[in-house]
Amino acid sequence: MLGDKILIKPEYYALARTIFSTLEKEPFMQATQRCVIGIGGESGSGKSVTATCLRSLMDEQGIGVHILHQDDYFILPPLQNHLNRKADLKNVGMHEVDTEKLQHNIDSFLAGAEAVQAPLVDFNRDTITHRTFAFDDAQVLIVEGTYVLALQNLNARIFLSRNYEDTRHLRTLRNRDTHVEADFIDRILEIEHQIISQFADTASMVIDKSYRIKGNSSVQPRAGLS
C-alpha cells in the first residue's frame with residue numbers, strides 16, 4: 001500500500017533470521033519450483049516488517065523474493081472502507097478483502113506466470129489502481145496480511161500472535177488510527193481478533209509477543225480454513 005509506514009526494529013531482523021534458519025531446511029526451499037510463504041496476524045503485529053526483513057535476508061542468499069500485501073486487495077479504498085464500517089460493523093471482516101483475486105494471483109505465481117494484474121492502494125489519495133506485478137525470476141512469494149492464513153496453497157504459514165492490545169503503541173506510530181475515534185477502532189479490532197485468532201491453529205510457525213517461535217517450529221504445509 002502506498003503511503004503506509006514500515007518501522008523496522010532490530011528485533012525484527014533477529015526474528016527474520018530465526019524464521020529463515022527454519023525455512024531454509026525445508027524441501028520446498030531447496031527445490032527449484034516456486035513456493036509461497038504466508039505471514040498473518042492482527043493489525044500492528046509486525047507482518048509487513050517481518051516480510052520485508054525476511055525478503056532482505058533471502059536476497060542476501062541469492063533467493064529471488066516478491067511480496068504481496070493483503071492491504072492492496074481491499075475492495076474499497078481506505079476512507080470509503082472506514083465509512084462503510086461506521087455505517088454497520090457487520091461490514092468488518094474477510095468480505096472486505098478480495099481474497100479470490102489474491103488467491104488467483106498466488107496460484108498464478110505457483111503455476112509459473114511471469115506477471116499478474118494486481119491492485120495497488122494509495123492510502124493518502126484514497127484510491128485503488130491496478131498494475132502489472134512482474135514476478136521476474138522470483139522463487140519465493142511472501143504474502144502478508146490479517147487474513148492470509150485462510151488462503152490455500154501456502155508452503156509455510158507464519159502467525160504473529162500479538163493481539164490488538166499488545167500492538168496499540170505500534171499502530172499509533174504508523175498513524176493507522178489518525179482522525180479515528182479510539183473506541184471505534186477498538187471495536188473493529190475486537191471483531192478482527194475473533195476472526196484472526198483462529199488462524200493460529202492452521203499455522204506451521206507461531207511467533208509470540210517476545211519475537212520467539214512457540215512450541216514446535218517444524219514447518220508442515222497446511223490447508224487454509226474452509
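Start at strand E2, where Val 65, Ile 67 and His 69 point one way, His 66 and Leu 68 point the other way, and all are buried. Buried means under 20% relative accessible area; exposed means over 50%, and partly exposed is in between, with a 1.4 Å probe and protein chains only. In a regular strand the side chains alternate between the two faces of the sheet. Five of the five residues of E2 are buried, so this strand is largely enclosed by the rest of the structure. As for the labels, helices (H or I, at least four residues) and strands (E, at least two) are DSSP runs, numbered from the N terminus.

Before going further, some ground rules. This is a predicted model, in which local features need pLDDT of at least 70 and side-chain atom pairs count only at pLDDT 80 or more, while totals for chains, interfaces and linings use all residues. Residues are numbered from 1 along each chain as its sequence is written, and side-chain values use heavy atoms, with hydrogens and water left out.

Now the sheet. In what order do the six strands of the open sheet come? The order is E2-E5-E1-E6-E7-E8, and the pairing is mixed. E2 and strand E8 (213-214) are the edge strands, each pairing on one side only. Two strands count as paired if DSSP finds at least two bridges between them. E2 pairs with E5 in the parallel sense, over five bridges; Val 65 has Val 140 in E5 as its bridge partner. Further along, E6 and E7 run parallel and are joined by three bridges. There, Phe 159 has Val 206 of E7 as its bridge partner.

A nonpolar core is a set of buried Ala, Val, Leu, Ile, Met, Phe, Trp, Tyr and Cys residues joined through side-chain atoms within 4.5 Å. The largest one here has 28 residues, and those with the most contacts inside it are Leu 23, Met 29, Ile 37, Met 58, Val 140 and Ile 142. Among the elements that each supply at least two residues of this core are helix H1 (10-23), helix H3 (47-60), E2 and strand E5 (140-144). There is also a second, separate core of 27 residues, which includes Leu 151, Leu 154, Phe 199 and Val 206.

Take Ile 142 as an example from the largest core. Not counting residues up to four places away in sequence, Ile 142 touches Ile 37, Ile 39, Ala 51, Leu 54, Arg 55, Val 65, His 66, Ile 67 and Leu 68. Contact here means heavy atoms within 4.5 Å.

Is Gln 70 buried or exposed? Gln 70 is buried, with a relative accessible area of 1%. Its side chain makes a polar contact of 2.9 Å with the side chain of Thr 146. A polar contact is a pair of N or O atoms within 3.5 Å; within protein, one must be able to donate a hydrogen and the other to accept it, and residues adjacent in sequence count only if both atoms are side-chain atoms.

On to charges. How many salt bridges does a search of the whole structure find? The search finds five, a salt bridge being a side-chain nitrogen of Lys or Arg within 4 Å of a carboxyl oxygen of Asp or Glu. One of them joins the side chains of Arg 85 and Glu 96, at 2.7 Å from N to O. Arg 85 lies in helix H4 and Glu 96 in the loop between H4 and helix H5 (99-110), so the pair ties together parts that are 11 residues apart in sequence. Both Arg 85 and Glu 96 are buried. With Glu 192, these two are linked in a network of salt bridges.

Another pair is Arg 125 and Asp 122, with the closest N and O atoms 3.9 Å apart. Arg 125 counts as exposed at 67% relative accessibility, whereas Asp 122 is buried at 13%.

Last, confidence. The protein chain averages a pLDDT of 87, and 84% of the residues score at least 70; pLDDT is the predictor's confidence in each residue, from 0 to 100. Over residues 216-226 pLDDT stays under 50. Where pLDDT is low, the predicted coordinates should not be read in detail.
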